[in-house]
Amino acid sequence: MSYRVLTRKKPYEPKPRSGRPRVTDIRSDRRIQRMVSGQKMSVREITGASRLQIYKNTVHRRIIESGYMIHAKMARRFPLSKLHISNRLQWARNQMSYGDKWVAVLFSDEKKWNLDGPDGNIK
């Protein structure tokens, strides 16, 4: 196989790409990107608004291919300034003198639950 490639008289050129052709062209890709960046539309709404018969997965793929629409994890928390740290420390020291009133406080193991999906993503 490699001998045939090396002894060819004309240079090696890769074959044209095979497979299914793209449903959208460059113009419709840009239209999808404008819809996403200009308005707050979901992928399903963009699919319905487009003049082409395309699936929502195709729209999602075109958004990812655009490159300027990123999906990244948010920072855990904002860093505290020196003023915020001193204010928190002062508040904690004030709460230490709460005394016997702590008996009336009910502590529970509360957990935040997101029923509509994961939290903390930049979109």
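Q: In this predicted model, what share of the contacts in the protein with a separation of 6 or more comes from residues 24 or more positions apart?
A: Residues 24 or more positions apart account for 57% of the contacts in the protein with a separation of 6 or more, where contact means heavy atoms within 4.5 Å. The protein has five helices and two strands, which follow the pattern α-α-α-α-β-α-β along the sequence, and 12% of its 123 residues count as buried.

Q: Why is Gln53 called exposed?
A: Gln53 has a relative accessible area of 82%, and the term exposed is kept for values over 50%, so Gln53 belongs in that class. Gln53 is placed in the loop between α3 and α4, and its C-alpha atom is separated by 8.6 Å from that of Val23, a residue 30 residues apart from Gln53 along the chain.

Q: How do you know that the span of helix α2 agrees with its number of residues?
A: Helix α2 takes in residues 26-38, which makes 13 residues, and at 1.5 Å a residue these should span 18 Å. The expected span is 1.5 Å times one less than the number of residues, and because the end C-alpha atoms of α2 are 18 Å apart, the two values agree.

Q: What makes the buried residues of α2 line one face of the helix?
A: The buried residues of α2 are Ser28, Asp29, Ile32, Gln33, Met35 and Val36. Seen down the axis of α2, these buried residues fall within an arc of 160 degrees, so they line one face of the helix. On the other side of α2, Ile26, Arg27, Arg34 and Gly38 are exposed, while the buried residues of α2 pack against α3 (43-49) and α4 (56-66).

Q: Why can the buried residues of α4 be said to line one face of the helix?
A: In α4 the buried residues are Thr58, Val59, Arg62 and Ile63. Their directions, seen down the axis of α4, fall within an arc of 140 degrees, so these residues line one face of the helix. The buried residues of α4 pack against α2 and α3, and just after α4, Gly67 takes a positive phi of about 90 degrees.

Q: How many cavities of 30 Å³ or more does a search of the whole structure find, and which residues line the largest cavity?
A: The search finds one cavity of 30 Å³ or more, and about 30 Å³ of space lies in the largest cavity. The residues that line the largest cavity are Ser28, Arg31, Ile32, Met35, Ser50 and Leu52.

Methods:
Residues are numbered from 1 along each chain as its sequence is written. This is a predicted model: local features need pLDDT of at least 70, side-chain atom pairs count only at pLDDT 80 or more; totals for chains, interfaces and linings use all residues. Side-chain values use heavy atoms; hydrogens and water are left out. Helices (H or I, at least four residues) and strands (E, at least two) are DSSP runs, numbered from the N terminus. Buried means under 20% relative accessible area, exposed over 50%, partly exposed in between (1.4 Å probe, protein chains only). The arc is that of the directions from the helix axis to the C-beta atoms. On a 1 Å grid over the protein atoms alone, a cavity is a set of points where a 1.4 Å probe fits but cannot get out, and a pocket is an open set with protein on both sides within 12 Å along at least five of seven lines; lining residues have an atom within 4 Å of a point. Grid points are joined across faces, edges and corners, and a volume is the space filled by probe spheres set on the points.
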